[in-house]
Amino acid sequence: MKTVGEVGERALIALFTQAAGAGGGATDVVIGSGDDAAVFVPAGPVVVSTDTAVSGRHFRFDWSSPRQIGARAVVQSAADIGAMGGQLTGVVVSIGCPPSTPVDRVLEINAGIVAQTHRFGARVFGGDLVSSSDVVLTVTSLGVLADTEAIALSGARPGDVLAVSGPLGGPAGGLAALAAVEHGADPALLTRHASLVEAYRLPQPDIGQGRVAAVAGAHAMTDVSDGLVEEMITLAAASEVRIEVAAAAVPQAPGLAELGAALGVDSVRWAVAGGEEHELLAAFAPGAVPAGWTVVGGVVDGPVDAFLDGEPVGDIRGWQSFTAT
C-alpha cells in the first residue's frame, strides 16, 4: 500500500479536487476547489467558523473509520454556522498527516469530508495538505445569513425559556461503551447499543434548525459541542444572566438510560455533560419555541451563573481542551 510520502502532495490534491468538484447544492461558487483560492458570491452576511481535530485527542482510528472521522470534522465545524442562524455554503479543509500515512486512509478521510459537506447542501472549496507528526484535520466553514440577523450568545434575557433542538448524551454514551469494551466489557455491548456508538462516531444534527430558530426569533443560541453545562456557563456569562435548567427535562438519546444501567452510570450525566452531539441550545421568548424543540429551563433575574436542578453546576463540567484525555 502506497503512503502519502510516496505519492506526494500534488497528486493527492488533484484527487481531492476531483472528489470535491461534483455534488453539493451551493450555487454561488464562482471558482471552487483546485485554484489558488475559492471565490463565491454570498447571498448575505458571511459567517465563518473553524475547528481542529487531532488524532488521539479527538478521534481514534481503531474506534472510527477514516470516512467517519472526516465527516465528523465537518459536522463539528458546520454546526457553528447553524448556531449563528446561518446556512452553510462551503468548507475549506487542511489535512496534516505523517508521510507514512497510507494514501487510502487520507482519501477515505477526504471522502467523508466531501460526502458530509454535500449532505449539508454545501461545497468543499479547497484546502491544504501538510506533513505533521499526527493526523490533524482543520475545517473552516463558511455560511451566509439570508434574511435573518445573526444569533449571538449575548442576547438571552430574563423571562426567556431555554430549549434544545434534539436529544443529548448519545455520543458520550457511545464513547463510554467503546471504552468499557476496551477495558474488558462484553463486546456485545457495542451491538446492543449500536445507535449510541454510531452517534459518537458520526453525530448527525440537523444544523438547519439554527435557521429555524432564527426565523422564530431566538434571542441567543449555541451548539452543544462541549456539553450542555459548558454551554450554559458560556451563554450565562455572555448574556450576563442567570440560567436554570432541570436535568429531568433534558431529552436523552434513545437507549441511553439502558446503557447507563448496564455500565452503572447515571445517564443524566452523559446528557448534561457529554457534548459532541452538536444539537442547539437557544433562548426564546415564551411561546416562540419551534416545533420539535424541547424546553429544558429558563433565564431568570439574579447573579450571573448557571444552575442545574437549583444548584450551581459546580463540578459537573463538560469537555475541557487542555485537560488530560
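Colleague: Which strand does β9 join, and by how many bridges?
Modeller: Strand β9 (residues 242-245) runs parallel to strand β12 (residues 305-308), and 4 bridges join them. Strands pair if DSSP finds at least two bridges between them; helices (H or I, at least four residues) and strands (E, at least two) are DSSP runs, numbered from the N terminus.

Colleague: What is the bridge partner of arginine 242 in β12?
Modeller: The partner is aspartate 305.

Colleague: In which sense do β12 and β13 pair?
Modeller: Strand β13 (residues 311-312) pairs with β12 in the antiparallel sense, over 2 bridges. The two strands form a hairpin with 2 residues between them, and aspartate 309 in the turn has a positive phi of about 55 degrees.

Colleague: Now the helices: at what angle do α2 and α4 pack?
Modeller: Helix α2 (residues 9-20) and helix α4 (residues 103-119) pack at about 25 degrees, with axes 10 Å apart. Axes are lines fitted to C-alpha atoms, for helices over the stretch in contact, and angles run from 0 to 180 degrees between N-to-C directions.

Colleague: Which residues of α2 make the contact?
Modeller: Leu12, Leu15, Phe16, Ala19 and Ala20 do so, meeting residues of α4 that include Val103 and His118. Contact means heavy atoms within 4.5 Å.

Colleague: How are the residues numbered, and which limits apply?
Modeller: Residues are numbered from 1 along each chain as its sequence is written. In this predicted model, local features need pLDDT of at least 70, side-chain atom pairs count only at pLDDT 80 or more, and totals for chains, interfaces and linings use all residues, while side-chain values use heavy atoms, leaving out hydrogens and water.
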